[in-house]
Amino acid sequence: MTASGTWMAFYVGDYVKNTLKLTTRQHGADLLLILACWQDGGSVDGDDETLGTITKLSMKDWLRDRPKLAPYFEVTPQKWTHRRVVDELLGATSLTRERSSAGRRGAAKRWQTPSRAVAGPSANARQDDASSQSSSQSQSPTGSPEARASLARLIPEDWQPVAADLAALRKERPDVVGEVYERRLRDFRDWCRAKAVTSHDIASTWRSFMRRTDPPKEATRRFDGGQPAEHRPSIRMAGPECLWKVRLSGYRPGDPWKYEGDPPGGANCKVPAELIGHWRTYVRELEAAG
């Protein structure tokens, strides 16, 4: 995903509010990094030589300003990623593709030849064609780009995925559980609220957003024998208690319990009782795996 030929939205109020502690020089460096991330799909190489070149700072000045700029990015040894840029790129790319697709459909419709135009007198043909076109437009929601756009609806702030959506996400991204899942769900809602996002298929938009979650560090850890982390045991995700299963997948005994009620086994525990035994088995399997 790159930004070639795509305009970049810039929210001045958000930027100013979030960067009040930066100096004039640091503002310039931050903006240059944002622009570079936009051009390169949301991330830039994380070595200091590249970052210093992007910001047009000497290595001495870059190393001095680096700690002030790092909190505005997701930093790994390989990459500096700007999450807001990634989200904006996704929205801009999706909008461009949708407009292109709508243009192709409109062009195809203008050039198509009515199959009934050669049957019968011209007056009857015109009447039949008009009737057919009217009927087709009334039955098909995608009769024109305008008609299709009218069906897109604003994503509600309290929208929740259903069990089937959670199961589909779990199949594609088994690592997006617990606190990682909760954080990304909050990110999704913040993005929808800030951008007034509309969608023809909210569940598909949600899954696309969640799939782009960066793998947690522990997901790259290998067990003895070189077995990759994706072979770790998993909690079955079917059924109406999917949200609790997602939460339990990321919880370990002794960790702080961040949800309503007591931790599993507590007197005021809200977790469905039938899930606790399976969760304990899951934890034991993890411990046995190393």
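1. Let's start with the strand pairing at Glu74, which stands opposite Thr81 in E3. This is a predicted model, so read every value here as computed. Strand E3 covers residues 79–81, and E2 pairs with E3 in the antiparallel sense over 2 bridges.

2. Zooming out to the sheet: it is an open one built from 3 strands, in the order E1-E3-E2, with antiparallel pairing. E1 (43–45) and E2 (74–75) stand at the edges with a single partner strand each, so each has one side left without a neighbour in the sheet. As a reminder, strands of a sheet pair through backbone hydrogen bonds, either parallel or antiparallel.

3. Thr81 is worth a click while you are there. Buried or exposed, then, for Thr81? Thr81 is buried, because its relative accessible area is 11% and the cut-off for buried is under 20%. Its side chain makes a polar contact with the side chain of Ser43, at 2.6 Å. Leaving aside residues up to four places away in sequence, Thr81 touches Gly42, Ser43, Phe73, Glu74 and Val86.

4. On to charges. How many salt bridges does a search of the whole structure find? The search turns up 16. One of them is between the side chains of Asp65 and Arg25, at 2.8 Å from N to O. Asp65 sits in helix H4 (residues 59–69) and Arg25 in helix H2 (residues 24–39), so this pair ties together parts that are 40 residues apart in sequence.

5. Glu88 and Arg84 give you another salt bridge, with the closest N and O atoms 3.2 Å apart. Here both partners belong to helix H5 (residues 83–111), and because they are 4 residues apart, about one helical turn separates them. Glu88 counts as buried, at 8% relative accessibility, while Arg84 comes out at 30% and counts as partly exposed.

6. Compare Asp190 and Arg193, whose salt bridge has its closest N and O atoms 2.4 Å apart. Both lie in helix H9 (residues 178–195), 3 residues apart, or about one turn of the helix. Asp190 is partly exposed, with a relative accessible area of 40%, and Arg193 is partly exposed too, at 44%.

7. Now the rings. The structure holds 11 aromatic pairs. Take Phe188 and Phe209: this pair is edge-to-face, 5.4 Å centre to centre, with 65° between the planes. Which helices does the pair link? Phe188 is in helix H9 and Phe209 in helix H10 (residues 202–211), 21 residues apart, and the pair links these distant parts of the chain. Phe188 counts as buried at 1% relative accessibility, and Phe209 counts as buried at 0%.

8. Another pair to look at is Tyr251 with Trp257. Their ring centres are 4.9 Å apart and their planes stand at 80°, so the pair is edge-to-face; the cut-off for that label is over 60 degrees. Both Tyr251 and Trp257 are buried.

9. Last, the cluster. Ring pairs link Trp159, Phe188, Trp191, Trp206 and Phe209 together. If you colour these side chains in your viewer, remember that Phe188 belongs to helix H9 and Phe209 to helix H10.

Note on methods. Residues numbered from 1 in each chain as written. Predicted model: local features only at pLDDT ≥ 70, side-chain atom pairs only at ≥ 80, totals over all residues. Heavy atoms only, no water. Salt bridge = Lys/Arg side-chain N within 4 Å of Asp/Glu carboxyl O. Buried < 20%, exposed > 50% of the residue type's maximum accessible area, 1.4 Å probe, protein only. Pairing = 2+ DSSP bridges. Polar contact = N/O pair within 3.5 Å; in protein donor to acceptor, adjacent residues only side chain to side chain. Contact = heavy atoms within 4.5 Å. Phe/Tyr/Trp six-rings, centres within 6.5 Å; stacked < 30°, edge-to-face > 60°.
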